[in-house]
Amino acid sequence: MQIVEPISRKLIRLGKLYLNVLARHTEHLDLKRYHFILSLIYYHDGQLTQNALAQILDKDKSAMVSIINLLSAKGFVYRDSNPHDKREHLLRVTEKAKIAVPQIVETFEHINSDITKGITAREMKIFESVLQKMQLNIKPLQPNPNQKIAK
């Protein structure tokens, strides 16, 4: 029998390599993780709640709280009361983030350019299309959180 490498393992390996390069290029910013999340908050400054961000990223609420707490402790974001709904808090960026995020985005652009050398625009569209199809195909295979597992 031949061992089959899961597709997820290939994607994780690429993701780790990408994040290592990103971390090395942005280490002067005092941010080792959550570059993209910080970028999303920056581009939606004051327009997103934690819940809305969690939905965009498909993350659970408790994980999102931890991420926002870390970004807040690092001095990149803060929570501001929503004037239209006092129960909600809007995510805002600090001056530190306003300096850091353009550098992060520029680093994304450079890494993306470097790792796609020799790959045509058509091949990239196919790659992105295949990833989307795989995501659609795997969603129905996920267990329903309310469904009990049969023994």
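**Close-up views of a predicted model**

**View A. Surroundings of T49.** Leaving aside residues up to four places away in sequence, T49 touches E88, H89, L90 and L91, a contact being heavy atoms within 4.5 Å. This is a predicted model, in which local features need pLDDT of at least 70 and side-chain atom pairs count only at pLDDT 80 or more, while totals for chains, interfaces and linings use all residues. Residues are numbered from 1 along each chain as its sequence is written, and side-chain values use heavy atoms, with hydrogens and water left out. T49 lies in the loop between α2 and α3 (helices are DSSP runs of H or I of at least four residues, numbered from the N terminus). Its relative accessible area is 13%, so T49 is buried (buried is under 20%, exposed over 50% and partly exposed in between, with a 1.4 Å probe and protein chains only).

**View B. The aromatic pair.** One aromatic pair is found in a search of the whole structure. The ring centres of Y42 and Y43 are 5.0 Å apart and the planes stand at 90°, so this pair is edge-to-face (centres of Phe, Tyr or six-membered Trp rings within 6.5 Å; planes under 30 degrees apart are stacked, over 60 edge-to-face and the rest tilted). Y42, at 24% relative accessibility, is partly exposed, whereas Y43, at 55%, is exposed.

**View C. A charge over a ring.** K96 places its charged end over the ring of F76, 4.6 Å from the ring centre (the criterion being NZ of Lys or CZ of Arg within 6 Å of the centre and within 35 degrees of the ring normal).

**View D. The largest pocket.** The largest pocket holds about 1,400 Å³ of space (a pocket is an open set of points on a 1 Å grid over the protein atoms alone, where a 1.4 Å probe fits, with protein on both sides within 12 Å along at least five of seven lines; lining residues have an atom within 4 Å of a point). Among its 27 lining residues, L11, F36, L57, K59 and Q135 are the closest to the centre. The largest share of this lining, eight residues, is supplied by α1, and by class the lining comprises 15 nonpolar, six polar and six charged residues (Asp, Glu, Lys and Arg are charged; Ala, Val, Leu, Ile, Met, Phe, Trp, Tyr, Cys and Pro nonpolar; the others, Gly among them, polar).

**View E. The second largest pocket.** The volume of the second largest pocket is about 360 Å³, and its lining includes L11, Y18, N112, F127 and E128. Helix α1 gives the largest share of that lining, four residues.

Conventions
Grid points are joined across faces, edges and corners, and a volume is the space filled by probe spheres set on the points. Helices (H or I, at least four residues) and strands (E, at least two) are DSSP runs, numbered from the N terminus.
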